[in-house]
Amino acid sequence: MMARSFHVQLLDQARHLASKERGRPLQVSLRRAVSTMYYALFHFLIDEATRSFIGSRPSQARLRQLLGRAFQHGTMSQASRAFGSGSISPRVSAAMSTSVVPARLQELANAFSALQELRQRADYDRSASFTREDVLALVARTHSMVGSWSSIRDHPSAKLYLLSLLTWDRLRDK
Amino acid sequence: MPNVDPDKLTAALDVERLNLPAKPRIRRIVWEPYTEWLGDPALQVWAVLDDKTPSKDRSWKRLEPIERAIRKALHDLGEERFPHIRYWTVSELRRHRNAR
């Protein structure tokens, strides 16, 4: 039986953490769920990016893992903001042969940005509070975003987005 | 670019002006300026749900059209700060504010 993808396992773990207590959930469970959810999307995007750059053969797995270590949260956030807003510089958008960023890609990029900020709050802001319904809705949203990727994976802007996750700080002013 | 006038931002997020779905019912939309972990200015936005909103109406399928409407309204206004949008009931928001 094929092992489930790492990001799928993380999403399942997030749902489990958000649901585990009967009655009122513990904030610590909800916080860990948010953090886990962020890392699910983080690892999903890195996996898609490294497969796009290197290839998906099993023999290339170690090279993908090595390249995956080069991704930085801050760069991924900045790239996601740009694609989420649909505002890409003319030179960069010219490389896509289209200035259109599909709505699904914008939503995915925005979801990543929002989850990243929530993860920061969940892990470091002791004054933040989370609700079970909110967190479960976020899990559903993240599932939806990941599921919609196959419909936009081959769009030029999607490939550029994956490249930007690694290189945005070099690309954005071009 | 300077921030959008707060009154215009509030008006843009008036539930009467946005084309929101009937369910879940959004009582109002409130917002606050916010500084992110990267130090960038942003917005915290709460779409305030009725306390009687059932869990099934808090699924992403139900919330997605609301999120799109809010983002579009802010984009059309020229607001550049990233909106972090949350969906809390009246009571959840009250508890959050009382805890501060």
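Chain A and chain B bury about 2100 Å² between them, with carbon and sulfur atoms giving 49% of this area. Buried area here is the accessible area (1.4 Å probe) that two parts lose on being put together, summed over both. On the side of chain A, E117(A), D134(A) and R141(A) supply 23% of the area that the chain buries against chain B, more than any other three residues. The contact, with heavy atoms within 4.5 Å, takes 25 residues from chain A and 22 residues from chain B. Six salt bridges are counted between the two chains, a salt bridge being a side-chain nitrogen of Lys or Arg within 4 Å of a carboxyl oxygen of Asp or Glu. The side chains of R86(B) and D134(A) form a salt bridge, at 2.6 Å from N to O.

The model is predicted, so local features need pLDDT of at least 70 and side-chain atom pairs count only at pLDDT 80 or more, while totals for chains, interfaces and linings use all residues. Side-chain values use heavy atoms, with hydrogens and water left out, residues are numbered from 1 along each chain as its sequence is written, and chains are lettered from A and ligands numbered from 1 in the order in which they are written.

As for confidence, the model scores ipTM 0.79 and pTM 0.88. The predictor's confidence in each residue is given as pLDDT, from 0 to 100. Chain A averages a pLDDT of 90, and 97% of its residues score at least 70. For chain B the mean pLDDT is 90, with 97% of residues at 70 or more. Helices (H or I, at least four residues) and strands (E, at least two) are DSSP runs, numbered from the N terminus. Among the elements of chain A, the mean pLDDT is highest in helix 2 (96) and lowest in helix 5, residues 90–95 (75).

Empty space comes next. Rolling a probe the size of a water molecule over the atoms shows where such space is left. On a 1 Å grid over the protein atoms alone, a cavity is a set of points where a 1.4 Å probe fits but cannot get out; a pocket is an open set with protein on both sides within 12 Å along at least five of seven lines; and lining residues have an atom within 4 Å of a point. Grid points are joined across faces, edges and corners, and a volume is the space filled by probe spheres set on the points.

Three cavities of 30 Å³ or more are counted. The largest cavity has a volume of about 90 Å³, and its lining includes both partners of the salt bridge described above, D134(A) and R86(B). Also among its lining residues are R141(A), W60(B) and Y87(B). Two or more residues each come from helix 7 (132–152) of chain A and from helix 2 and strand 3 of chain B, and helix 7 of chain A gives the largest share, four residues. By class, this lining has six nonpolar, no polar and four charged residues, where Ala, Val, Leu, Ile, Met, Phe, Trp, Tyr, Cys and Pro count as nonpolar, Asp, Glu, Lys and Arg as charged, and the others, Gly among them, as polar.

The second largest cavity, of about 50 Å³, is lined by A114(A), L118(A), L138(A), R141(A), H84(B), I85(B) and R86(B). Its largest share, three residues, comes from strand 3 of chain B.

Helix 2 of chain B provides the largest share, nine residues. The lining divides into 10 nonpolar, nine polar and 15 charged residues.

The second largest pocket holds about 440 Å³ of space. Among its 17 lining residues, F6(A), H43(A), D47(A), T50(A) and Q65(A) are the closest to its centre. Helix 2 of chain A gives the most to this lining, with seven residues. By class, the lining has six nonpolar, six polar and five charged residues.

Finally, a cis peptide bond joins K23(B) and P24(B), with omega about -5 degrees. P24(B) sits in the loop between helix 1 (6–12) and strand 1 (26–35) of chain B.
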